[in-house]
Amino acid sequence: MKSLRSTLILLVVVAALGGYIWFNERGPIAESGATVLLRSDPNTVERVAMQWHGASVELRKNGSRWMAEQPKKAISVPADADAVKTLLNDLQLLQTASVLPDEAAKRKNFGLEKPGSSLGIGGAKIEFGASPSFDSTKVYARITNDGKTQIALLPSSLGTAVAKSFNDWRDKAALRVTLDEAQKITIKAPAISATFEKTKSGEDGKSSEWKITSPVAAEADSSTIEGLIGQLPITKATRFLDDKPQSLAKWQLDKPQAQVEFSTPDGPRSLSLGKSLAAGHAAKNSLSAAVFEVPNSLFGLLNRPLRDWRAKTVVKLDVDNVAEVEIAARGGKKRFAKTDEKWREAGAKVGTTAKEQEAADAAHRAVMDILLVLQALSATGFVDKPAAPANYGFDKPLLDLVIDGTTHLQIGTSGGKFYARTGSGANFAGSVFVLPKSAFDALKSPLDTLFGVKK
């Protein structure tokens with residue numbers, strides 16, 4: 001019995017696998033008894049030609065991308081990949097329960113005497129006529145394929161797709177780019193001129209972080225960078241201004257107001273924003289010659305000062321993984337190590353009395369509080385070309401902390417402002433962080449516990 005059950009399960013799995021392979025390698029399966037009018041493989045189709053009341057649109061594959069073309073006007077622009085995919089999927093299998101022979105009288109009855117629209121794919125041609133009075137979801141069509149011409153009912157959605165205008169087929173995205181493709185970004189706008197580069201992180205080397213490489217070397221706010229990359233494809237052109245511009249200067253795109261360029265494995269990809277218009281900016285990307293309008297919000301997205309693109313985290317700190325910390329403040333210095341998930345002062349023995357135990361636990365909580373405050377420490381500004389350390393109070397720091405013998409953090413104050421700097425060992429490099437006063441206020445209580453109340 002058990003063997004029979006295993007055999008049945010195996011047969012079901014094999015059947016499912018066979019169906020999967022058939023559908024994905026041979027396309028959808030025709031219904032029993034249906035007449036197959038057309039089969040096509042979306043992966044091998046190179047061209048689809050459509051006509052609607054004299055207007056013609058061609059979809060043509062160019063490498064890995066689809067282009068929408070108007071042959072008579074010699075216009076070629078990137079096509080809407082989703083729209084093309086939907087059409088090709090619909091054309092994988094055209095079938096019908098019954099067909100009629102192609103006869104002149106029948107053509108007239110079905111609106112096929114002078115078809116208003118047609119579609120050509122491979123060696124096949126489909127001409128679309130009228131919808132039957134009994135089913136508005138269907139349309140009569142004359143299909144010529146494999147040397148046969150037949151009349152049948154097809155889904156009206158296919159006829160509707162053919163009747164789309166040229167602008168309906170074109171890609172309206174401001175710029176197509178993905179997180180995986182973007183390796184380097186350069187942004188130039190009135191408020192910013194900066195370069196960002198992606199670095200791999202994590203044990204598997206698959207996680208990504210972004211760094212600012214110009215005009216300063218600093219950590220970038222990866223979420224801000226990723227937000228920009230995610231926004232560009234979903235920001236749509238509100239209208240197309242000129243498909244064959246004779247002069248970019250007319251649109252102030254010879255010297256754009258804002259520009260973003262991506263380095264990708266396929267080469268550079270860019271978007272330029274030029275002349276201010278009533279509801280946006282003239283724009284052009286590197287994927288097409290066309291000039292189009294984008295909303296003002298896109299200019300605002302690019303035209304942000306460098307501080308908005310920077311990581312505000314002062315020190316990267318995973319409190320759970322810290323094993324040792326040296327804290328200097330108020331003229332004293334103490335070193336703590338984690339033992340059995342408790343922070344204990346190095347070299348000190350924990351007494352057995354309730355008072356001694358309470359003091360040890362209070363010290364543990366104080367060290368934890370300090371680390372948690374520092375882990376959440378966020379800068380409000382940056383000094384990228386710092387003056388002498390004394391200008392920020394680092395000659396007499398309010399807090400001097402070394403984590404695991406490597407990460408060094410100092411907090412100082414000068415002129416009523418609070419500052420921080422980080423380094424490795426005794427070496428401090430890079431920017432000085434400007435802190436809110438509240439950041440040091442949060443450290444007052446744990447420092448009181450460890451070093452006594454400051455008089």
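Close-up 1. Strands β3 and β4 pair in the antiparallel sense over five bridges, where strands are DSSP runs of E of at least two residues, numbered from the N terminus, as helices are for H or I runs of at least four, and pairing requires at least two DSSP bridges between two strands. The model is predicted, with local features requiring pLDDT of at least 70 and side-chain atom pairs counted only at pLDDT 80 or more, whereas totals for chains, interfaces and linings use all residues. Residues are numbered from 1 along each chain as its sequence is written, and side-chain values use heavy atoms, with hydrogens and water left out. The bridge partner of Glu58 is Glu69 in β4, and in the hairpin of β3 and β4, with two residues between them, Gly63 in the turn has a positive phi of about 70°. Strands β2 and β3 also pair in the antiparallel sense, over six bridges, with Met50 opposite Val57 in β3; in their hairpin, which has two residues between the strands, His53 takes a positive phi near 50°.

Close-up 2. In helix α2, residues 81–90, Ala83, Val84, Leu87 and Leu88 are buried, that is, under 20% relative accessible area, against over 50% for exposed and partly exposed in between (1.4 Å probe, protein chains only). These residues cover an arc of only 130° around the axis, which puts them on the same side of α2, the arc being that of the directions from the helix axis to the C-beta atoms. On the other side of α2, Asp82 and Lys85 are exposed. The cover over the buried residues of α2 includes β2 (47–52), β3 (55–62) and β4 (65–70), as contacts of heavy atoms within 4.5 Å.

Close-up 3. A search of the whole structure finds seven aromatic pairs, which are Phe, Tyr or Trp rings (for Trp, the six-membered ring) with centres within 6.5 Å, counted as stacked with planes under 30 degrees apart, edge-to-face over 60 and tilted for the rest. The rings of Phe382 and Phe433 have centres 6.0 Å apart and planes at 65°, so this pair is edge-to-face. Phe382 lies in strand β24 (residues 381–383) and Phe433 in strand β29 (residues 432–435), so the pair ties together parts that are 51 residues apart in sequence. Both Phe382 and Phe433 are buried.
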